[in-house]
Amino acid sequence: MRRFFLTAALISVVSAAGAQNLRFDETGNFKIVQFTDLHYIVGNPDADAAKECLENVIRAEEPDLVLLTGDIIFGKPAGECLKAMLNTVSGFGVPFGIMFGNHDDEQGLTRKELFDIACTIPHNVTSTAEGVSGMANYVLKIKASGSEEIKAAIYCFDSNSYSGIEGVGGYDYIKHDQIEWYRRTGNELAAVCGSPVPSYAFFHIPLPEYNDAAGDESSVMIGTRGEKACSPELNSGLFAVMKEQGDVKAVFAGHDHNNDYAVYWKGIMLAYGRYSGGNTVYNNLPNGGRVIVLKEDGKSFRTWIRQRDGSILNEIEFPYSFFR
């Protein structure tokens, strides 16, 4: 297992355990494992599969970074549920970051209280941008293997929970101040690096563009689509800003337990992780995680699903797999 060291953040944030010095290895690779929708409940035997999934996939893949994209817990006591999951990841000595889903703060603790608990867990690289809607909006910079040059950026967003607008039901959207934070941060990174930094976005609730892409007969989809994307009814424009910025290559969400597909949409890959929990909520796919291997040159990346039983599915090389 690789070792990691502390570094300062580029922008003003409230930090959990302190940002880590994440960098590409000597072969120019940086491996991320995304787990999503663990829906963990302390003391529920059906939840044991979530812990086993974390352990099996991390042990098999030896990632440089683990990202948990929401709905980590689904029961009380919320703090104990969260600690159980985060301590499992932390025990491998791998840096990890979290994002919140719509169910995490329904178990008796607020997002801020859960964030504060996460701050106590070693190897946590989660932070939250000051003055921005939600909790746990942050960027992780991946440095070159042999220098301090920033070669990739990982944007983690709080996709919020439920619509608060009268007459609009369903799920909330990523707010305009969050989008402006992303735009500003991307511009700062581009100014430092001389050009837009190859970037990747992670959050819980999928964008409306997931349904646009899935409904287009000309789009190429790889993986399983077992349900319609449960995205917000309103579109706040994050995808459009990503296109304007020209930095984001892929978006990774969770939330919909029967989806694990990736689809190419207007030059950006829209993907799901694989449901990672046990039988505490609905699911029809064997649990697992999504593996993403970034390349230092930023021209391509590889991704696949690693199931809890060790099997690998749906290997993709972006962007080439979508044009064969």
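Trainee: If rings of Phe, Tyr and Trp (its six-membered ring) pair when their centres lie within 6.5 Å, how many aromatic pairs are there by this rule?

Mentor: The count is 17 aromatic pairs. Keep in mind that this is a predicted model, where local features need pLDDT of at least 70 and side-chain atom pairs count only at pLDDT 80 or more, while totals for chains, interfaces and linings use all residues. Residues are numbered from 1 along each chain as its sequence is written, and side-chain values use heavy atoms, leaving out hydrogens and water.

Trainee: Got it. What sort of pair do Tyr 261 and Tyr 272 form?

Mentor: Tyr 261 and Tyr 272 are edge-to-face, 5.0 Å centre to centre with 70° between the planes. Planes over 60 degrees apart get that label, under 30 they count as stacked, and the rest are tilted.

Trainee: And where do those two sit in the chain?

Mentor: Tyr 261 is in the loop between strand 10 (248-253) and strand 11 (262-265), and Tyr 272 belongs to strand 12 (residues 268-272). The two are eleven residues apart, and their pair links distant parts of the chain. Strands here are DSSP runs of E, at least two residues, numbered from the N terminus.

Trainee: Switching to the open sheet: what's its strand order?

Mentor: Six strands go 4-3-2-13-14-15, with mixed pairing. Two strands pair if DSSP finds at least two bridges between them.

Trainee: Which strands stand at the edges?

Mentor: Strand 4 (96-99) and strand 15 (312-318) do. Each has a single partner strand, so one side of each lacks a neighbour in the sheet.

Trainee: How do strand 2 and strand 3 run, and how many bridges join them?

Mentor: Strand 2 (residues 29-35) and strand 3 (residues 65-69) run parallel, joined by four bridges. Val 33 has Val 66 in strand 3 as its bridge partner.

Trainee: What's around the largest cavity?

Mentor: The largest cavity holds about 80 Å³. It has 15 lining residues, of which Tyr 173, Ile 174, Leu 207, Pro 232 and Ser 236 are the closest to its centre. Lining residues have an atom within 4 Å of a point.

Trainee: And which residues line the second largest cavity?

Mentor: Among them are Ser 163, Tyr 173, Pro 232 and Glu 233. The second largest cavity has a volume of about 30 Å³, where volume is the space filled by probe spheres set on the points, which are joined across faces, edges and corners.

Note on methods. On a 1 Å grid over the protein atoms alone, a cavity is a set of points where a 1.4 Å probe fits but cannot get out, and a pocket is an open set with protein on both sides within 12 Å along at least five of seven lines; lining residues have an atom within 4 Å of a point.
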